[in-house]
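Good morning, colleagues. Today I would like to speak about salt bridges, and I ask you to keep the structure in view as I go.

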Amino acid sequence: SLTENLDDLRQYQVIVLTGTSLKDQLTISDFAHKNGIFIVIADIFGLFGSVFTDFGKQFAIADPTGENPVSGIVADIDSEGLVSALDETRHGLEDGDHVTFSEVQGMEALNNSAPRKIVVKGPYTFSIGDVSGLGEYKRGGLYTQVKMPKLVDFQPLSEQLSKPEILISDFAKFDRPQQLHIGFQALHAFRDKHDHLPKPHSDKDATEILELAQGLAGQGDDKVELDDKLIRELSYQARGDLSPMAAFFGGLAAQEVLKSVSGKFHPIVQWLYFDSLESLPSSVERSEDLCKPTGSRYDGQVAVFGAKFQEKLANVNQFLVGAGAIGCEMLKNWALMGLATGPKGKINVADMDQIEKSNLNRQFLFRPKDVGKLKADCAAAAVQAMNPELEGKIITFRDRVGPETEHVFTEKFWEELDGVTNALDNVDARQYVDRRCVFFRKPLVDSGTLGTKGNSQVVLPRLTESYSSSQDPPEQSFPQCTLRSFPNKIEHTIAWAKEKFHQYFVGPPET
């Protein structure tokens with residue numbers, strides 16, 4: 001047991017607990033808090049999950065956002081300290097930000113003075129407070145945002161259980177995190193009593209969980225009103241183990257570890273509860289018999305969705321466009337879920353790119369030996385090794401998906417698909433795939449990332465807007481693989497030339 005010799009934990013800077021009993025969580029987290037060790041706790045029960053963080057007293061966040069500091073040109077500073085940006089340019093600042101000034105004429109005392117805290121008055125104006133005694137503004141000036149360190153006090157788990165500080169991730173479910181906070185404790189209490197979690201879709205166990213939760217909800221100063229249906233669903237899914245949820249919460253926990261040791265980006269303070277009950281299909285039957293374990297590798301998924309859903313999933317014909325960072329994640333999740341492993345199942349993967357060494361830090365299906373090979377082929381081979389049931393079920397294409405390859409991706413090809421997933425790095429290709437999905441009435445999942453930011457969009461025929469219905473802003477940067485291997489716009493050649501110029505004439509010499 002981890003708690004047998006707590007002194008062994010002193011060697012660590014951060015401790016991450018997953019799948020641990022609440023009793024052990026409390027013991028280890030209290031020890032860690034007293035000894036200045038950061039702790040991250042993650043729990044998943046089916047489509048429900050939580051993350052808890054404790055980074056101790058006076059934790060310093062050097063850069064809460066990770067964004068580049070904002071700067072701009074001053075148009076005017078009035079006698080009340082109201083600063084206007086030049087030519088109605090959005091300043092991009094927020095309340096509580098700090099700025100410094102330079103090259104201001106008329107209020108020279110502002111130049112290179114201590115950072116001033118601002119209050120946003122509008123998209124083009126902000127206030128720097130009292131400017132009396134600084135003279136009258138004449139002209140010129142630049143403002144620059146200064147990142148100020150922020151100190152946060154974390155409480156140990158033992159205190160946070162009774163008075164949780166919860167980060168709301170979805171305001172459409174504003175009352176749900178408090179209920180899940182109680183429900184998760186009820187699950188831990190049930191496991192301590194019976195030495196196992198509630199059986200999948202067992203009404204008897206769900207009733208006991210509800211009674212435990214109602215007892216916990218009545219304790220303390222703040223009474224929590226419970227939704228019986230929600231707590232029962234939590235009990236039904238308690239033994240569920242879903243690879244997409246594990247990937248999501250694993251990513252969250254890993255990010256919190258990086259935040260704790262770097263001081264960059266604002267950590268979760270202190271609880272985050274998330275559920276994806278929207279993923280439950282209304283058209284598929286679930287019962288205790290249909291959700292019981294059968295010794296299959298998919299038992300954790302059947303516990304949530306039922307055997308009939310698993311059978312349907314196994315016979316899907318899916319098209320993945322792109323096998324890069326997002327494409328690797330998709331294929332890995334599909335392999336673990338058992339997508340297309342049935343007699344009618346098929347996964348089509350299209351990507352014309354070759355693997356570069358720079359891909360290896362995020363496209364985890366590839367290894368150094370794969371550099372120079374086609375992404376689609378290597379990704380397919382990697383996930384077939386993960387799940388041998390996919391042998392012969394993945395068809396790879398080295399063709400670009402576009403108007404020029406409609407002889408490859410024919411009308412018959414599109415008509416036979418059950419769904420399409422975009423994992424692309426440019427808007428034009430996304431829009432083409434979207435147009436084909438609209439024409440052939442196929443559901444589409446589109447997603448993308450940019451640094452630490454990401455987005456996803458689900459497009460359903462006759463139900464939601466299509467991807468092309470909204471206009472994305474112009475791309476500020478281009479993927480390196482596009483610039484080096486497949487430049488197809490004048491902007492790509494300019495960006496390539498700028499990169500080369502910086503490499504040869506501006507950057508430091510390489511050693």
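I shall go through the salt bridges and the accessibility of their partners.

This is a predicted model, in which local features need pLDDT of at least 70 and side-chain atom pairs count only at pLDDT 80 or more, while totals for chains, interfaces and linings use all residues. Residues are numbered from 1 along each chain as its sequence is written, and side-chain values use heavy atoms, with hydrogens and water left out.

Lys 147 sits in the loop between β11 (142-146) and β12 (150-152) and Asp 63 in the loop between β4 (59-61) and β5 (71-77), so the pair ties together parts 84 residues apart in sequence. Strands here are DSSP runs of E, at least two residues, and helices are runs of H or I, at least four, numbered from the N terminus. Asp 63 is buried, at 14% relative accessible area, and Lys 147 is partly exposed, at 24%. Buried means under 20%, exposed over 50%, and partly exposed in between, with a 1.4 Å probe and protein chains only.

Glu 278 pairs with Lys 173, their closest N and O atoms lying 2.6 Å apart. Here Glu 278 is exposed, at 56%, whereas Lys 173 is buried, at 11%.

Finally, Lys 292 and Asp 289 form a salt bridge at 3.0 Å, N to O.

How values were computed. Salt bridge = Lys/Arg side-chain N within 4 Å of Asp/Glu carboxyl O.
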